[in-house]
Each structure stands twice: as C-alpha cells, then as structure tokens.
Amino acid sequence: MIWESSFWKNELEKIAAAITRRCHHQRRWPEVALAKLEREVMIGSFIVRKLMDSNKITTVLSNSDVEISHYPFNGEHAPDHFNWHNIERFYDVESRSDSKLPLREVCNQLIHSFVFLPVLDETSRHLAGILFSSDRRRNAYLYEIEAKKLVDVFHSVAISYPTKMAASRGANGQWKMESE
C-alpha cells in the first residue's frame, strides 16, 4: 500500500522526462542505453500499476484505455530466450492494426515483457516507440506504443491527485474504492 503518493509520482515524472530526452536527443544506442530505457519503462509501469492498486489516481484514469498498435503472431512457435529479438520471424509486421488496451494491461505487458525493443526514427535515430509483448501474450501479439504516448500516460498518472473518494463493501467482503 502506498501511503503518500507524491514521492512515487515525482519519480514517475523523472522517468517521463528521461524518456522525453531520449525522444529528442539520444541518437546512439549502446547496450547500456537500451538497458536504462528498459529499466525506466518497467519501473514507470510498475509505479503506475501500484498507484492504481492504491487508489492514488482517479478511477477514470485507472479505467482508461491506451492507444497502441499490434501485430499478430504468425502461428509458428513462440519466441524464446535466444531469438525473441527476431520479431519478423514471429509476427506479421506488415499487418499493423491500431487498437486500445486498458491501462492496467499495458502496464502488465511492459512489466512482464518477454519481447522489448525500442523503435527508432529512421532519420534521427531518436526513440519513437517501443515494441513489447509479455511472456504470456508473446504467442498472440506484438504490441507497439509510441514513446510520446507512454510519456503522456506517465505524466497523466503523475499529476492525478483524487479529491474525492467513495467506498463500499462488495458481496465478497472486500472494499470497492472509487475516486475522482
């Protein structure tokens, strides 16, 4: 349980700023930069999910959908520890579809990513997006989120401070919380 959310939200803002810098300034992608990006995205996604679970953001934001794209699995065997980066082998990258996923599902996919690859702008080599798929969904879809969209999500969560909260006990005896 998170008691005071401002510390978590401040960290989330720092992560959003770091990803923004990668979108506008970073051109070289050595292994250490890729590892830092992966860590930032995973920790940011964990913070978002933890704030959701602690009712520290509005219910509307918690229940929101995130615009993403996805590529279907091509039906062959699923990527494994030695070939996960060969996305063309496992996903139909020519069949991109735009869709939406619930915020919690996006966070879960990023936190549990089995496939995680940056998408770089072809001209500038700046970060444009992230390709990802969790260990459980890797044989269904490869997802893509624009880096700017991920930054927007992190920022929206970081500035969400509910001003009202209502609680009711469900039939299972657990509290159901709603916040505005």
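## Helix α2 and its cover

The buried residues of α2 are A33, L37, E40, V41, G44, S45, I47, V48, R49, L51 and M52. Buried here means under 20% relative accessible area; exposed means over 50%, and partly exposed lies in between (1.4 Å probe, protein chains only). Helices (H or I, at least four residues) and strands (E, at least two) are DSSP runs, numbered from the N terminus. This is a predicted model: local features need pLDDT of at least 70, side-chain atom pairs count only at pLDDT 80 or more, and totals for chains, interfaces and linings use all residues. Residues are numbered from 1 along each chain as its sequence is written, and side-chain values use heavy atoms, with hydrogens and water left out.

Several elements cover the buried residues of α2, including α1, α3 (59-62), α5, β3 (113-120), β4 and α6. The length of α2 fits a helix. Its 23 residues should span 33 Å at 1.5 Å a residue, and its end C-alpha atoms are 33 Å apart, which agrees. The expected span is 1.5 Å times one less than the number of residues. Just after α2, N55 takes a positive phi of about 55 degrees.

## The nonpolar cores

A nonpolar core is a set of buried Ala, Val, Leu, Ile, Met, Phe, Trp, Tyr and Cys residues joined through side-chain atoms within 4.5 Å. In soluble globular proteins, nonpolar side chains tend to be buried together. The largest core here has 37 residues, and I19 and F154 touch the most other members.

A second, separate core has eleven residues, among them F73, F114, V115 and V119. Contact means heavy atoms within 4.5 Å.

## L127 in strand β4

L127 lies in strand β4. Is L127 buried or exposed? L127 is buried, with a relative accessible area of 4%. Its contacts are I19, R22, C23, W29, L37, P118, V119, L120 and A147, again not counting residues up to four places away in sequence. L127 and K148 are 21 residues apart along the chain, and their C-alpha atoms are separated by 9.2 Å.

## Cysteines

How many disulfides does a search of the whole structure find? The search finds zero. C23 is in no disulfide, and the nearest cysteine sulfur, that of C107, is 17 Å away. That distance is too far for a bond between C107 and C23. A disulfide is a pair of cysteine sulfur atoms within 2.5 Å. C23 counts as buried at 15% relative accessibility. C107 counts as buried at 3%.

## Salt bridges

The structure holds seven salt bridges. A salt bridge is a side-chain nitrogen of Lys or Arg within 4 Å of a carboxyl oxygen of Asp or Glu. R96, D98 and E144 are linked in a network of them. D98 meets R96 at 3.8 Å, N to O. D98 is exposed, with a relative accessible area of 65%, whereas R96 is partly exposed, at 44%. E144 meets R96 at 3.6 Å, N to O. This pair links distant parts of the chain: E144 is in strand β5, R96 is in the loop between α4 (87-90) and β2 (97-102), and 48 residues separate them. E144 counts as buried, at 11% relative accessibility.

K148 forms a salt bridge with D152, and the closest N and O atoms are 3.3 Å apart. K148 and D152 are separated by about one helical turn because they are four residues apart in helix α6. An α-helix has 3.6 residues a turn, so residues three or four places apart point the same way. K148 counts as exposed at 55% relative accessibility. D152 counts as partly exposed at 32%.

Strand β6 (residues 165-169) and strand β7 (residues 175-179) pair in the antiparallel sense over five bridges. Two strands pair if DSSP finds at least two bridges between them. R169 stands opposite W175 in β7. β6 and β7 form a hairpin with five residues between them. In the turn, G173 has a positive phi of about 90 degrees.
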